[in-house]
Amino acid sequence: MAAVRSLSVVGLAWLILLVLPTWSWAHGFAGQRFFPTTLAIDDPFVSDELSFLIRHIKEPGKGEEPPTVSTEIAVDYTKRLTPRLGLSLGGTFRHLDPDEGSTENGFGNLDVGAKYQVVTSASSEALLSIGLTAEVGGTGSRSVGADSFSTLSPGLFFGKGFGDLPETVPFLRPFALTGAFGVNIPTSGKTVTTQVDPLSGEISQEVERHPITLSWGITLQYNLQYLQAFVKDVGLGAPFNRMIPLVELALDTCLNRGCGGQTTGTVNPGLIWFGKYLQLGVEATVPINSRSGKNVGVLGLVHFFIDDLFPHSLGRPLFP
């Protein structure tokens, strides 16, 4: 039922696009190229924004833990301090329904972060940003998997549009790439749990290692609005003239502590619609290998452009 309600919210939000105006805006731009907020990897730009991301999938079992149907609702808010520097705060509510055992509900750890947009090239339709995110240990519920330790994640983010390709290949120019690379460094290398057998009095210890991991991903996008406005008007009407078909690849590679070289992740084909104040998105999540699972999930995004909704108050940088 939680999944049905979540998908109903996304479906209702998609209907809103039929009545929203589609004027021009200011966020996520490099020249005439608009980069949308993607669902599986982080963005290469800084803006004032509020996102609601819904994720639903059946996750594989790990060790003694059974396979679990996971439904998550993540909220993320970003506020610009300057036109190039922004701070973010995010949290996730999790509903876990395992094949064996009781259902668990709770919040994951808080995420806080900062991002600086280093390069914006209008002529090359290119963006480059650096950032640092921290998952604050102990702020969430252990029953839904929140860690007691923190994790620091420095990252690099880029975007590149193909609008500077020669006019001999016009229909390739609406393509764009974005990518994200980050290292996740836990503040604790391991957790040791001591247990005492109530009958024999024997003491045993269970050691859980926390490896450093590399998160990396890339998106391939085709902007139909860019096609209509800057390549050729092919006669697309609303809402198709504001859509971006895309594929995201989101991966995690373990670097040490017993799992070095092992990679998990998903391929996420989907569709984004964008307007002046709102962006909507939906993607399938397809595991890349058996270690990542065997079930297809779904991602849904409702994203608000605060800089356009409140351009003279909440949407302005604190230090313009």
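Predicted model: local features only at pLDDT ≥ 70, side-chain atom pairs only at ≥ 80, totals over all residues.
Me: What should I know about the numbering and the model?
Reply: Residues are numbered from 1 along each chain as its sequence is written.

Me: Why is Gly138 called exposed?
Reply: Its relative accessible area is 53%, and exposed means over 50%, buried under 20% and partly exposed in between (1.4 Å probe, protein chains only). Gly138 is therefore exposed. You will find Gly138 in the loop between β8 (126-136) and β9 (151-161); strands are DSSP runs of E, at least two residues, and helices are runs of H or I, at least four, numbered from the N terminus.

Me: What does Gly138 touch?
Reply: Not counting residues up to four places away in sequence, Gly138 touches Asn109, Asp147 and Ser148, where contact means heavy atoms within 4.5 Å.

Me: Why is Trp216 called partly exposed?
Reply: Trp216 has a relative accessible area of 31%, so it is partly exposed. Trp216 is found in strand β13 (residues 213-222).

Me: What makes the surface group with Trp216 a nonpolar patch?
Reply: Patches take residues with over 30% relative accessible area and no salt bridge, joining nonpolar side chains (Val, Leu, Ile, Met, Phe, Trp, Tyr) within 5 Å and like charges within 9 Å. A salt bridge is a side-chain nitrogen of Lys or Arg within 4 Å of a carboxyl oxygen of Asp or Glu. Here Tyr116, Val118, Val119, Ile130, Leu156, Phe181 and Trp216 form the patch, with about 560 Å² of accessible area together, by the Shrake-Rupley method with a 1.4 Å probe, only the protein chains shown counting as cover for residues. Strand β7 (residues 110-121) gives the most, three residues.

Me: What makes a set of residues a nonpolar core, and which is the largest?
Reply: A core is a set of buried Ala, Val, Leu, Ile, Met, Phe, Trp, Tyr and Cys residues joined through side-chain atoms within 4.5 Å. The largest has nine residues: Phe34, Leu39, Ile244, Leu246, Ile272, Phe274, Leu299, Leu301 and Phe305.

Me: Which residues of helix α2 (residues 224-231) are buried?
Reply: They are Leu224, Gln225, Tyr226, Leu227 and Gln228. Their cover includes β2 (33-34), β13, β14 and β15.

Notes. Heavy atoms only, no water.
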